[in-house]
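Good morning, and thank you for making time for this presentation. Please have the model open in your viewer while I speak.

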Amino acid sequence: MLSYLLRKLLLSIPVLFGVTVIVFGIAHAMPGDAVLAMITAEAPSSEALIAMRRGELGLDQPLYVQYLNWIGQILHGNLGRSFVNGRSVGDIIGERLPMTLELMGVALLVAFIIGTTLGVISALRQYRLTDYSLTLGGFVGVSIPDFFMGLLLVYVFALELRWLPSSGISTAGDSFSLVDNLRHLILPAAALALFRAAIFMRYARAGMLEVLNQDYMRTARAKGLRPSTITLRHGLRNALIPLVTVFGLTLPTLFGGSVVIETIFQWPGIGLMFIDAVVNRDSPVIMGYVLITAIIVMLANLATDLAYSVLDPRVSYD
Amino acid sequence: MMGADALAIDGTAKWIGQQAVLSVQGLSVEFGPRDSSVYAVNDVSFELAEGESLAIVGESGSGKSVTVQTLMGLIRKPPGRVTAGRALFRGRDLLAMPDSDLRQIRGRDIAMIFQDPMSSLNPVLSIGLQLTEALREHQGLNEAEAERQALDMLDLVGIANAPQRMRAFPHQFSGGQLQRIGIAMALVCKPSILIADEPTTALDVTIQAQIVELVVRLQKQLGMAIIWISHDLSLVAGFVDRVAVMYAGSIVEQAPVDELFSATTHPYTIGLLNSIPSLTAANTRLVPIKGAPPNVTLPPTFCAFAPRCDYAEVRCREQRPPLETLGAGHTTACWRWREVARLPRTPAAASSAAPAAAPKQEPLLVVSDLKVHFPIRRGVLKRQVGAVHAVDGVSFEVLRGETLALVGESGCGKSTTGRAVLGLERPSAGSVLFEGRDYAGATGDELKQRRRDMQMVFQNPFGSLNPRMTVGRIIGEGLRAQKIGTRATRDVRVSELLALVGLREALRNRYPFELSGGQRQRVGIARALAANPKFIIADEPISALDVSIQAQIVNLLDDLKARLGLTYLFIGHDLSMIRYLSDRVAVMYLGRIVEIGTTAAVFGSPLHPYTSALLSAIPVPDPKAGGTRRRIVLGGGVPDPSKPPPGCHFHPRCPMATDICTRADPQVRDFGSGVSGQHLVACHHAGDATP
């Protein structure tokens, strides 16, 4: 087990290195740069001024030098400074990451619990009204994109019903309170969760149906166990194993989804930061964001592998 | 109140007057929508007395499993539905009671063990949890008490080290051990009826002997009644009191075991008995039942066996024969049973069609010191830390025109040997000479040429045919791959092959799922024969088939050998079949050949103790022989081939092992004579005394 972890971590070094190359390449392939992005009609600049600013930011050096400088910084644990406000990228991300993790974590948890529960119910009621309704609901769920779901929720619950706030993480002016924060969390988390819940439901239903046909389920029934014991202890435990894969695959899509959702709900996480950075061509922030998400996704995949060995005693890593 | 009428009719002499613990009356079960029902069980009635053991014997689809699963409330409804009948357990109708009541009886009063122990235990739960949960459910025991009783039960079924093993998971046990645990799980609440649904079918013959012995011992100890479901008449002959034979959803004959074998009255039972090769009379041609078991989609208004029956007359196709009582406990459902019973037992078989041409003494295949080792890799750098010695120095010859059988338990390396000979597995060492050329480790064109001369027939005709290809394409694919002939000539060849293996031309455009098991295996054989090979490796080609179909396939293989001058390497574990169809036999144990000689010599005077044990474990289709035959039941299972025992690999299980066996590899010695040919044995004690 330990040697497996070690091998995986060693393997992730070249992967991360590859990520830096790609990230750097994309950030610099975008048209324009941070200096040009600052120029607006109201604040025209002379060629000389532009060249000077580029010189200050190091944008006048050959690309490979810029890349090596950046890598050198990273190896010292420094993600560089924002071109826009000069703050350390590490600090900005450190400030905003918890907000995003709160949003994603709650969304993922809610999606998993609701999706799995409904999937199991759907499987147990196969080809009955409950099953058909849930399957239809799931179909609708996977068909609605995040951003549309977000707008829909805002329209219904914030604008029409006025039950919940439509943006931010807390009510402006009030001092921060957890209840207030959670009220603000409900809509963006729901917007992110519904699509994923529908996916989890589909897989949970398929997994459970497969498990229900297994010989050991018949054995469990032959023992005269309670239906709830049979379903949960013998069935769900096995059906969860393939769901772990789906869980692991969902995480990267959540980062993508949270960029959109954070923008709609003005949730001050790293997704919103990323969008601002793209608009401003703030390449250190863009690269920092992608690098951090890549690391988180890799760690999550590792955790998924480990979760397998916990859930399934037949899986052992060596 | 106990259904006394039924008792009077069905109770056997031995059990008359005894309380029936279970009485099934007129049970009918259908599956699927009402307008296209499958009539799985039709009007089935039987009684089970306290402490009695009843075998229900039938082929796949005969309804034997559905019958018992209906009693236990284990069939899915829908699609299943019980259309008639009662099943009285101590006077209470199992079929009429609410599910919550039936649940109380399941596992506590009536328990069940299943066919495949590998899949019938939950892979993610510990053995301890799975053993104790029924106790805690039915008897409300606390964890400690339940654990204590579970440990006692594990002891009783012979699992060593029970306290440690309680925390282990199913994948950490061998098949035989798992079935013992399955039995412990079923018996932990001390039920009064145990239903055993083919519990030994997935196991090796030596392990099968262990499990049968265990169940028989536990039955005496715990005084329970047993319903043993099986497809194997010979197996149950040895230990049950009564046998009910099922065909297409109905019981066709039911009798005390002695009488069923000595005074058989139903043509189907006779057919089943004739399909089993006898261990005593070798080389009489098998008499298969023609055709294949039916799909029971027609209402049971006629005798379902009539299409396959040699004695069928008009009445059989129009009216369903009633179950008639012939004597104490003997009932049969045949219009012509009086005539059938008077017929001689073995019909004059098409007297041994074309005895195989005497093999020329020229080796077609010479395998010397073949080794196939699979590396075990561990650690950060995946260094090789050991190897599974699947095949560990095997040498044999196959003479042109003969059939050499390779036998042994699962895991002994017999299939790997076959695959290595064909080049599907890369040998780690040794040579494989085919017609004098060494092909060991051949690649590319060389291998392609060899594939033309050598083909394989696989074990599972359900898994080894591509489900997306038509029969014609499957058979012709080898020709296409080898670029033999043109499209037109290949088409003609496929037709020839279909005719050769006895399939209708019309099947050419069908897909495998539309065929029966026997037809699929014929397709597998036709595919192997497509490029006109000289040598066929048949890897357990009949073990996935029904008894009555096995005989058809064996006869086909026999005919093809004579007609096409083929040479066979036959890999198998069914020793009675192997005795029937092979010229010489090689017995493998843990990657090595322990004994090889002519079939007559090996079966007649086995010299290796492992061979003797294997032979004694074969069930004999004769209830009387059960008591007199000396059985050698081997302890334990086949050891881990990555850590084979030192010295003679067999010594930990060998009844004759002495000190030298634990230290030195036995030399191969020839005990053959001029008459019997070579008879090589690798045992220190071979020839010392009869084992």
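I begin with a definition: a residue is buried if 20 or more other C-beta atoms lie within 10 Å of its own, exposed if 12 or fewer, and partly exposed in between, with the C-beta atoms placed from the backbone. This is a predicted model, in which local features need pLDDT of at least 70 and side-chain atom pairs count only at pLDDT 80 or more, while totals for chains, interfaces and linings use all residues. Residues are numbered from 1 along each chain as its sequence is written, and chains are lettered from A and ligands numbered from 1 in the order in which they are written.

Let me start with helix α23 of chain B, residues 609-616, where Pro609(B), Tyr610(B), Thr611(B), Ala613(B) and Leu614(B) are buried. Helices (H or I, at least four residues) and strands (E, at least two) are DSSP runs, numbered from the N terminus. Among the elements of chain B that cover the buried residues of α23(B) are α9 (205-222), β21 (584-589) and α22 (599-604).

I turn to strand β6 of chain B, residues 110-113. Ile110(B) and Met112(B) are buried on one side, and Ala111(B) and Ile113(B) are buried on the other. In a regular strand the side chains alternate between the two faces of the sheet. Strand β7 of chain B, residues 193-197, runs parallel to β6(B) and is joined to it by four bridges; two strands pair if DSSP finds at least two bridges between them. Ile113(B) has Ala196(B) as its bridge partner in β7(B).

Next, the domains, whose bounds come from an automatic or database domain assignment. In chain B, domain 1 comprises 4-109 + 195-211 + 219-342, and domain 2 comprises 117-190. Their C-alpha centres are 30 Å apart. Nine residues of domain 1 of chain B are in contact (C-beta atoms, placed from the backbone, within 7 Å) with nine residues of domain 2 of chain B.

Where does Gln172(B) lie? Gln172(B) sits in the loop between α7 (162-165) and α8 (175-187) of chain B. Gln172(B) is partly exposed because 14 other C-beta atoms lie within 10 Å. From C-alpha to C-alpha, Gln172(B) is 13 Å from Pro639(B) in space, although 467 residues separate the two in sequence.

Finally, the chain interface: 26 residues of chain B are in contact with 22 residues of chain A. On the chain B side, α5(B) gives the most, with four residues.

Notes: Two residues are in contact if their C-beta atoms, placed from the backbone, lie within 7 Å.
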